[in-house]
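Work through the following exercises with the structure open beside you, and try each task before you read its solution.

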Amino acid sequence: MVKCAALLAALAGSAAAFAPAQVPAARSAVSLNMAEATDEFYIDQDRRNLMNLILVGSAAVTVGGLAVPYIAFFLPPGSGSGAGGVPAKNALGDDLFAKDYLAEKPVGDRSLAQGLKGDATYLIVKDDKTLETYGLNAVCTHLGCVVPWSAANNKFMCPCHGSQYAPTGAVVRGPAPLPLALAHCDVAEDGKIMFSPWTETDFRTDGKGWWN
C-alpha cells in the first residue's frame, strides 16, 4: 500500500513538471501597452505627405513675406509726372502750397523740401515766379552728404569732399560721379506742390537717369 502511494506521488510530480508555465499578468500588460504605443505613434504615408506640405507651405509664406519688400526696394519707381506723386512738405511736415510758397520766395530761390521717400529735395523758383518742373534731390552722389545751395557762387557746393553741381544739378566738379537725382515737380488742383518719380531721359546727360 505504501509503495502504491509513493508511486502515485512520483507520477504527480512528473506531470507537474510538464505542465505549461503561466505568463505573469504584469508581463502581459507591458506587452499590450507597448503594442498600443506603437500603433499610436505610427504615421502612415498620407499623413506624412500632408505634414511635409504644411511645413513647405509655411516656409514659403515666411520667405515670400521677407522677399517681397526686399525685391520691391530695387524695382524702378512708377510712372513720371502726375500719377503716384507725394506732397512736398516743410521741415514741420506740413504740406506746401504753391501760392503761399511762391509769395515767400524770391526769383532764383532754391530751398529744401521733403520729397520722394522723405529725401531732401530742392524746389526751384524760376524768373517768372513759377516753380521749375523738376526738383533736385539734395543727396550728394559721392558719399551721400546733403549738398547746400550757394547763391553767391550760383551752384551747389558739397562741404564734405568738394563736389560741385550746376544750378540744374549737373556735375561741374568731382569727386561726385553723377548728377543730382531728378523728380517731377507739379502743382495739384488743390494748390499743393507735388513730387513724382522722374523716369524719362535725364535732360542733362541725354541718358537714362541713374536713380531708375
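**Exercise 1.** In this predicted model, find how many bridges join strand S3 to strand S4, and say in which direction the two strands run relative to each other.

*Solution.* Begin with strand S3, which covers residues 120-124, and then locate strand S4, which covers residues 134-137. There are 2 bridges between these strands, and they run antiparallel.

**Exercise 2.** Describe the aromatic pair formed by Tyr-122 and Phe-156, and state where its two members lie.

*Solution.* A pair of aromatic rings is described by two quantities, the distance of the centres and the angle of the planes. A search of the whole structure gives 5 aromatic pairs. For Tyr-122 and Phe-156 the distance is 4.8 Å from centre to centre and the angle between the planes is 50 degrees, and the pair is tilted. Tyr-122 belongs to strand S3 and Phe-156 to strand S6 (residues 155-157), so that the pair links distant parts of the chain, 34 residues apart. Both Tyr-122 and Phe-156 are buried, and for Phe-156 the relative accessible area is 0%. Ring pairs also bring in Trp-149, which forms a cluster with Tyr-122 and Phe-156. Over the ring of Trp-149 sits the charged end of Arg-110, at 4.6 Å from the ring centre.

**Exercise 3.** Classify the ring pair of Trp-210 and Trp-211, and decide for each residue whether it is buried, partly exposed or exposed.

*Solution.* The ring centres of Trp-210 and Trp-211 are 5.7 Å apart and their planes stand at 85 degrees, so this pair is edge-to-face; the cut-off needed here is that planes over 60 degrees apart count as edge-to-face. For accessibility, recall that buried means under 20% relative accessible area and exposed means over 50%, with partly exposed in between. Trp-210 has a relative accessible area of 39% and is therefore partly exposed, whereas Trp-211, at 18%, counts as buried.

Key
Residues are numbered from 1 along each chain as its sequence is written. This is a predicted model: local features need pLDDT of at least 70, side-chain atom pairs count only at pLDDT 80 or more; totals for chains, interfaces and linings use all residues. Side-chain values use heavy atoms; hydrogens and water are left out. Two strands pair if DSSP finds at least two bridges between them. Helices (H or I, at least four residues) and strands (E, at least two) are DSSP runs, numbered from the N terminus. Rings of Phe, Tyr and Trp (its six-membered ring) pair if their centres lie within 6.5 Å; planes under 30 degrees apart count as stacked, over 60 as edge-to-face and the rest as tilted. Buried means under 20% relative accessible area, exposed over 50%, partly exposed in between (1.4 Å probe, protein chains only). A charge sits over a ring if NZ of Lys or CZ of Arg is within 6 Å of the ring centre and within 35 degrees of the ring normal.
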